[in-house]
Amino acid sequence: MGDRIKILTGNAHRELASEISDDLNLALGKAHVGKFSNGETSVMISESIRDMDVYIIQPTCNPNVNDNLMELLIMADAIRRASAHRITAVIPCFGYARQDKKDKSRAPITGKLVANLIETAGIDRVITMDLHASQIQGFFNIPVDNLYAEPQIIKYIRKNIPGEKVIVSPDAGGVKRAKSISDKLDADLAIIHKERKKANEVSGMILVGDVKDKVALIVDDMADTCGTLVSACEMLISKGATKVYALVTHGVLSGDAIKKLNESSLTELVITNTIPHAEKAAQCPKIKTINIAHTLSEAIRRTHHGESISSLFSDANK
């Protein structure tokens, strides 16, 4: 990779950062990221990064979304003031992405606010994965590469899940994602229409499509409290599905999600490691992990050398 690139990380997901740097045959850059006694974030870059291409690996994810975001911003400011040539934020899980529109009176559009903060901090490019809404890329005035876990998910399905399959979108917003996967697997498509009382609470579900005597594969970008996921699983079983798997990019798994999963009829919840979840996986044998470190490291390598990112997905799908 040469000596003009540097990989740095905060405290959000050091394990993933280490795997990415190992894949690139690079040592993680020396940076101390901690807290002052009053709780403010403390950052010190401990080596020269002058005129280097710097990549900050930092998902703005739970359990400390705001701390992780502040670490990213303050690291970027420190790196910019240290005369780096270019700063790229690698944000595998982009926090606040669900607040991407003003869907009720006096609501914020926090996704746009975070985009503004990232630009103001001096970041030149963002690499992320499976944004909750693709239009968030338009919130930025800098390049944004939105990577997809789809190629890895398809490989996992082909290798590990036998039987006649039906791809299930858990809501209308995920139909495009589900249709793309169903086409590549030559599988049927079903859609769950859900009515919400409020965020994270569903009042009713209607299934469009046939799942009888098939293995149902729910695909989505995020599993948060898993209430909707578990309800969808039980409905699919009641409609005749032989087994139900869920394949999700971001495993937020907040609240009592693990308890719900363990008590559900779900066969497996397959998630990527965009968010650290080793402790939760130890509590739930249904959780299986797809490692996306190589996808991110390859995106970094191609960005550094000025190569195409889009070809990364066409190559992965062959």
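User: How many helices and strands are in the chain?

Analyst: In this predicted model, the chain has 10 helices and 14 strands.

User: And what is its radius of gyration, against a compact globule?

Analyst: The chain comes out at 20 Å, which agrees with the value near 20 Å that a compact globule of 318 residues would have. Along the principal axes, its C-alpha atoms fill a box of roughly 60 × 45 × 35 Å.

User: Which share of the residues is buried?

Analyst: Buried residues account for 52% of the 318, and of the contacts with a separation of 6 or more, 62% are between residues 24 or more positions apart. The chain exposes about 14,600 Å², with 49% of that area supplied by carbon and sulfur atoms.

User: What about charges, how many positive and negative side chains?

Analyst: There are 40 positive and 39 negative side chains, and the centres of the two sets lie 2 Å apart.

User: Switching to strand E1, is it covered or exposed?

Analyst: Strand E1, residues 5-9, is mostly covered, with five of its five residues buried. Ile 5, Ile 7 and Thr 9 point one way from the strand, while Lys 6 and Leu 8 point the other way, and all of them are buried.

User: Why would side chains alternate like that?

Analyst: In a regular strand, side chains alternate between the two faces of the sheet.

User: Which strand is E1 joined to, and is the pair parallel or antiparallel?

Analyst: E1 is joined by five bridges to strand E4, residues 53-57, and the two run parallel. Within E4, Ile 57 is the bridge partner of Thr 9.

User: Now Val 252, where is that?

Analyst: Val 252 sits in the loop between strand E12 (243-251) and helix H7 (257-263). Its relative accessibility is 8%, so Val 252 counts as buried, the cut-off being under 20%.

User: What does Val 252 touch?

Analyst: Not counting residues up to four places away in sequence, Val 252 touches Asn 62, Met 222, Ala 223, Asp 224, Ile 275 and Lys 280. As for Ala 223, its C-alpha is 5.7 Å from that of Val 252, although the two residues are 29 apart in sequence.

User: Last one, is Ser 21 buried or exposed?

Analyst: Ser 21, which lies in helix H1 (residues 14-23), counts as buried because its relative accessibility is 2%. Leaving aside neighbours within four places in sequence, Ser 21 is in contact with Leu 26 and Leu 28.

Methods:
Residues are numbered from 1 along each chain as its sequence is written. This is a predicted model: local features need pLDDT of at least 70, side-chain atom pairs count only at pLDDT 80 or more; totals for chains, interfaces and linings use all residues. Side-chain values use heavy atoms; hydrogens and water are left out. Helices (H or I, at least four residues) and strands (E, at least two) are DSSP runs, numbered from the N terminus. The radius of gyration is taken over C-alpha atoms; the globule rule is 2.2 Å times the number of residues to the power 0.38. Buried means under 20% relative accessible area, exposed over 50%, partly exposed in between (1.4 Å probe, protein chains only). Contact means heavy atoms within 4.5 Å. Accessible areas come from the Shrake-Rupley method with a 1.4 Å probe; for residues, only the protein chains shown count as cover. Lys and Arg count as positive and Asp and Glu as negative; His and the chain ends are not counted. The place of a charge is taken as NZ of Lys, CZ of Arg, CG of Asp or CD of Glu. Two strands pair if DSSP finds at least two bridges between them.
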